Amino acid sequence: MAELVTEPGGSDGADRRPAPGPGWRPRLVALDIDGTLLRWVDGGGAAHEEMSEAVREAVRAARDGGAHIVLSSGRSPHSMTDVADQLGLGSEDEPVWVVASNGAVVFRYPPLDVVLEETFDARAAVAAVLAEHPDAIVAVEERGVGYRLNKPFPEGELTGEMILADVEDIVAEPVSRVIIRDPAATADDFVALAARLGLQGTDYVVGWTAWLDLAAAGVSKASGLDHVAAELGVTADDALAIGDGRNDLEMLAWARRGVAMGQAVPEVHAVADATTASVDDDGAAVEIRRWFPA
């Protein structure tokens, strides 16, 4: 594994939290999945579904060392249970906590038991985006099944059954999250679009590609983790969080120590307390082993 990089986030390290003091050790480890635990597929918007042994062993060492491991992803619940299984997390006697859909859904597993779901009326926000990107794809999770969407997504970007429907029907009822994808646009196009529109009453995240996640205002991975931490009797001051995407910004700012993956987008490096190696160099394992050595 590569050596840990510990440069402070931001251009000059200003306004960073002080480093954890002597004897600090995370009691909660919040882990993004795609680009953090799983390597990205070259040239695509999907991740390989197998993680390295170094990452698996490091996560298990943290668990065995007494930390609560919480998976925290933009993925829908049904596509996160496989990752928990790979890591050996959770049992019927002690289900693992999972933050899904960028904080809109919190569940325990196994079995999959939804504890919290934040919904909102997405109609106005979706209409505003489609007014500028009329050919975009719109999708809403059909929990436990797959997605309802108005046209197919690029192959490999969503999992489960794909149910075609009109946009009006897809957002007719309150939803936990809406995904809007325009393969003809870029991530920068969507960053500018979201900033320009404002999207009142919602929170939004732009992915690595022209992928826009819409959720209820105030909902993020951080809000989901705050709920989990309260249930576990810990706080953000006890937390280590590792991520690489724009949907990780609030999570990294929330945690006592927020760490960016080496290949993370600049906004993530700016908010993080430190940077580890890239996902291709098992950066998540490198950071975890700092606190839970072999």
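Predicted model: local features only at pLDDT ≥ 70, side-chain atom pairs only at ≥ 80, totals over all residues.

S2 has the largest share, with three residues. Sorted by class, the lining is made up of eight nonpolar, four polar and three charged residues.

## Helix H6

Helix H6 runs over residues 221–232, and its end C-alpha atoms are 16 Å apart, which agrees with the 16 Å that twelve residues should span at 1.5 Å a residue.

Which residues of H6 are buried? They are Lys221, Ala222, Gly224, Leu225, Val228 and Ala229. These cover an arc of only 155 degrees around the axis, so they lie on the same side of H6. Their cover includes strand S1 (28–31), S2, S3, strand S4 (105–109) and helix H7 (249–254).

Most peptide bonds are trans, and most residues other than glycine have a negative phi. The loop between S4 and strand S5 (113–117) holds proline 110 and also proline 111. The bond from tyrosine 109 to proline 110 is cis, with omega near -10 degrees, and a cis bond joins proline 110 and proline 111, with omega about -15 degrees.

Then there's positive phi. Serine 101, in the loop between S3 and S4, has phi near 50 degrees and is buried at 0% relative accessible area. Aspartate 282 has phi of about 60 degrees and lies in the loop between strand S14 (274–275) and helix H9 (283–291); at 12% relative accessibility, aspartate 282 counts as buried.

Methods:
Residues numbered from 1 in each chain as written. Heavy atoms only, no water. Helix = DSSP H or I, 4+ residues; strand = E, 2+ residues; numbered from the N terminus. Nonpolar A, V, L, I, M, F, W, Y, C, P; charged D, E, K, R; others polar. Expected span 1.5 Å × (residues − 1). Buried < 20%, exposed > 50% of the residue type's maximum accessible area, 1.4 Å probe, protein only. Arc of directions from axis to C-beta. Contact = heavy atoms within 4.5 Å.
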